[in-house]
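User: I'm new to this one. Can you walk me through its pockets and helix packing?

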Amino acid sequence: MSNTPPLPAYALDQLFRTARTHNELKGEVSDETLRELYDLAKWGPTSANMSPLRLVFVKSPEAKARLAPALDEGNHAKTMAAPVTAIVAYDLAFYEKLPYLFPHTDARGWFDGKPEADLTTIALRNGSLQGAYVLMAARALGLDTGPMSGFNNALVDEAFFAGTKIKSNFLINLGHGDTAKLFPRSPRLSFDEAARIL
Ligand SMILES: Cc1cc2nc3c(=O)[nH]c(=O)nc-3n(C[C@H](O)[C@H](O)[C@H](O)COP(=O)(O)O)c2cc1C
């Protein structure tokens, strides 16, 4: 039986209790930090270890310009100003990598030939979980984040994933925020409203 102690209170604050969604993100995020971020997030679990997450870290002015036309107006300025914007995407052809990722058996046959709607459900579920791991890994590394779904997925897919089976899910602005500029935090549901112990 593992005997892992709980994280200290400051770590729980950094990951959850005081971590906020930021609109204004500044500073530098090195390529090394982005690699570190992926190398943490990749360990989060997925079904059959399928790991459908694919990421594009949009950092250069040229790449930001490719992203710009897809953004909703309310997300435009803050995304252009953020040091990095991660495109959190999922690969509908995730099963092609299963012989490596799930070597116990050849699991490709579980998915090959399935209707695209079924593959989307599976890849979106697991890719969204992995997107959340990316958010939490960013917080663990001391970055602030601004997740967004307000954009045109088809335009992003055309600009970044043409000729592949990769589909965009959501975006995350990454950088360093200023807590003083945030509006008061919105409440969350209480345990009794959201959960039951049976
Ligand atoms: C998947 C996802 C999509 C979101 N889309 C947008 C968006 O398009 N634009 C925006 O300004 N905020 C967006 N948000 C931010 C949420 O409104 C914010 O995370 C939530 O209100 C919690 O805020 P807090 O972390 O400061 O408590 C999104 C958040 C998530 C997780």
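User: Start with the second largest pocket: which classes make up its lining?
Analyst: The lining of the second largest pocket has 7 charged, 5 polar and 3 nonpolar residues. Ala, Val, Leu, Ile, Met, Phe, Trp, Tyr, Cys and Pro count as nonpolar, Asp, Glu, Lys and Arg as charged, and the others, Gly among them, as polar. This is a predicted model, where local features need pLDDT of at least 70, side-chain atom pairs count only at pLDDT 80 or more, and totals for chains, interfaces and linings use all residues. Residues are numbered from 1 along each chain as its sequence is written, and side-chain values use heavy atoms, leaving out hydrogens and water.

User: Which residues lie nearest the centre of that second largest pocket?
Analyst: Arg20, Thr21, His22, Leu182 and Phe183, out of 15 lining residues. A pocket here is an open set of points on a 1 Å grid over the protein atoms alone, where a 1.4 Å probe fits, with protein on both sides within 12 Å along at least five of seven lines; lining residues have an atom within 4 Å of a point.

User: Now helices. What angle do H2 and H6 pack at?
Analyst: About 125 degrees, with the axes of H2 (residues 31-41) and H6 (residues 116-140) 9 Å apart. Axes are lines fitted to C-alpha atoms over the stretch in contact, and angles run from 0 to 180 degrees between N-to-C directions. Helices are DSSP runs (H or I, at least four residues), numbered from the N terminus.

User: Which residues meet there?
Analyst: Leu37, Leu40 and Ala41 in H2 meet Tyr133, Val134, Ala137 and Ala138 in H6, with contact meaning heavy atoms within 4.5 Å. By class, that contact has 7 nonpolar, no polar and no charged residues.

Notes: Helices (H or I, at least four residues) and strands (E, at least two) are DSSP runs, numbered from the N terminus.
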